[in-house]
Amino acid sequence: MPLSSVNPANGSVLHVFETWDRPRIDKALSQAARIVPEWREIPLDQRAGLVRQAAHVLRHRRDHFAVMMTQEMGKLVTESRAEVDRCALVCDYYADHSAEFLADEPMAAGELDARVVFQPLGTILGVMPWNFPFWQVFRFAAPALMAGNTVLLKHASNVPRCALAIEEVFRDAGFPAGAFQTLMITSDEVGRVIEDRRVHGVTLTGSEAAGRAVAAVAGGVLKPCVLELGGSDPFVVLEDADLDRAVEQAVVSRYRNAGQSCIAAKRFILVPQVVDGFLSRLKDAVAAIRPGDPMKEDSGIAPMARTDLRDELHQQVRDSIAEGAIPVMGCEPLPGKGAWYAPSILDRVVPGTRAYDEEIFGPVACILRAEDEDDALRLANDTRFGLGGSVWTRDVARGEAFARGLACGSAFVNAMVKSDPRLPFGGIKDSGFGRELARPGIRTFMNAKTLVIR
């Protein structure tokens, strides 16, 4: 099945790519396997130089890559430029810190000379999503390459141009052929690639269904995997919160990238004292968001990535309204070509509605009304997801205590949830397992080998 690059803003087909046959896939796997012994023996400072050069390529061609990303995935071009910058940042971060992260660790073992040494596993497959088509790749590829692993990328089927551009970045940065390769394959081929003896681990960012399928295959062949899946992050506002600041960040967290982010604030949990003030401010702020051509600097929100995703979102909204949720504003597709959906607010979202029970992956803010602070924590944790969450209060100690009670991988007080190269990132429950970024991110696909010398 061909891979089509389609502009979500107007539905135009940008390019169609043929997928690889089995011999072409086998050639890529063999190339990765051949270079593993060479790549892992390259001194760390030399690998760091190549990763820094990748950062340079990204910065030098930022505008080119940003336009490509916007045309293919649909996000605002301002967001695309920021994404390219972030990719360069994660490259620099691992180039600067990998020597520290990978240094031998002495172990207390009596008279024994014991230590833990970190050695690369081999070739890592990354199965990546479309919503942040550059960032999601670089946040796993930069540490994996610095660690001495080779990388194979199976990108989402709707961003093939981005996938090939990322391979171009590493090639033009001077990486040896085979160190990073994009596989032009469909999801049907992923299982066979994971099972291949030349692949030693897999990381996936994507849907629950994809995560379960990849984990099952990886488990069957006893290969490590990391899963970063969906999220339904709570954004809890307590009675002493700075409402102006909370609403400002609520809008950024919910509506950037057209709401298509795993760690976006999705469930806005309000205690009674702040419902009126928060909702009034939120309605005014959302009304001011102007959809527009994502290539224009002054556009406020972009289309969604595909029309089928837009239609799926709208069905969730319609069903939730039929189940009792109240449409405050938006809650409809926008007319015209493309995958446009109005910035929306759904109020009185309660258990039993799809908006409560499922991840809402688009520009819809769901309002949940808590009875008090204890009920707010209960609602925040009443989900099968556990990626991130935030709480808003002027009392920092109170906020920290509340954040410690959130069942998630990342909890923020008076700040929206973000992924940062300096901080471990990942989820619990149905949001997946394993950690990316920071020190844990580079050690994920390494053998922590115990070495004892007498």
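**Ground rules.** The model is predicted, so I note that local features need pLDDT of at least 70 and side-chain atom pairs count only at pLDDT 80 or more, while totals for chains, interfaces and linings use all residues. I number residues from 1 along each chain as its sequence is written, and side-chain values use heavy atoms, with hydrogens and water left out.

**Cavities.** Rolling a probe the size of a water molecule over the atoms shows where empty space is left. I looked up how many cavities of 30 Å³ or more the structure holds, and there are five. A cavity here is a set of points, on a 1 Å grid over the protein atoms alone, where a 1.4 Å probe fits but cannot get out; lining residues have an atom within 4 Å of a point. Grid points are joined across faces, edges and corners, and a volume is the space filled by probe spheres set on the points.

**Largest cavity.** I noted a volume of about 110 Å³. There are 15 lining residues, and the closest to the centre are Phe140, Pro143, Gly441, Thr444 and Phe445. Helices are DSSP runs (H or I, at least four residues), strands likewise (E, at least two), numbered from the N terminus. Both α5 (135–146) and α15 (438–443) supply at least two lining residues each; α5 gives the largest share, four residues. By class I have eight nonpolar, four polar and three charged residues. Nonpolar means Ala, Val, Leu, Ile, Met, Phe, Trp, Tyr, Cys and Pro, charged means Asp, Glu, Lys and Arg, and the others, Gly among them, are polar.

**Second largest cavity.** The volume is about 100 Å³. Its lining includes Arg86, Trp135, Arg139, Glu228 and Cys262. Again α5 gives the largest share, here three residues. The classes are five nonpolar, three polar and four charged.

**Phe140.** I found Phe140 in helix α5. Leaving aside neighbours within four places in sequence, Phe140 is in contact (heavy atoms within 4.5 Å) with Gly126, Met128, Val151, Leu152, Thr203 and Glu436. The C-alpha atoms of Phe140 and Met128 are separated by 9.7 Å, and the two residues are twelve apart along the chain.

**Ser390.** I placed Ser390 in strand β15 (residues 388–392).

Note on methods
On a 1 Å grid over the protein atoms alone, a cavity is a set of points where a 1.4 Å probe fits but cannot get out, and a pocket is an open set with protein on both sides within 12 Å along at least five of seven lines; lining residues have an atom within 4 Å of a point.
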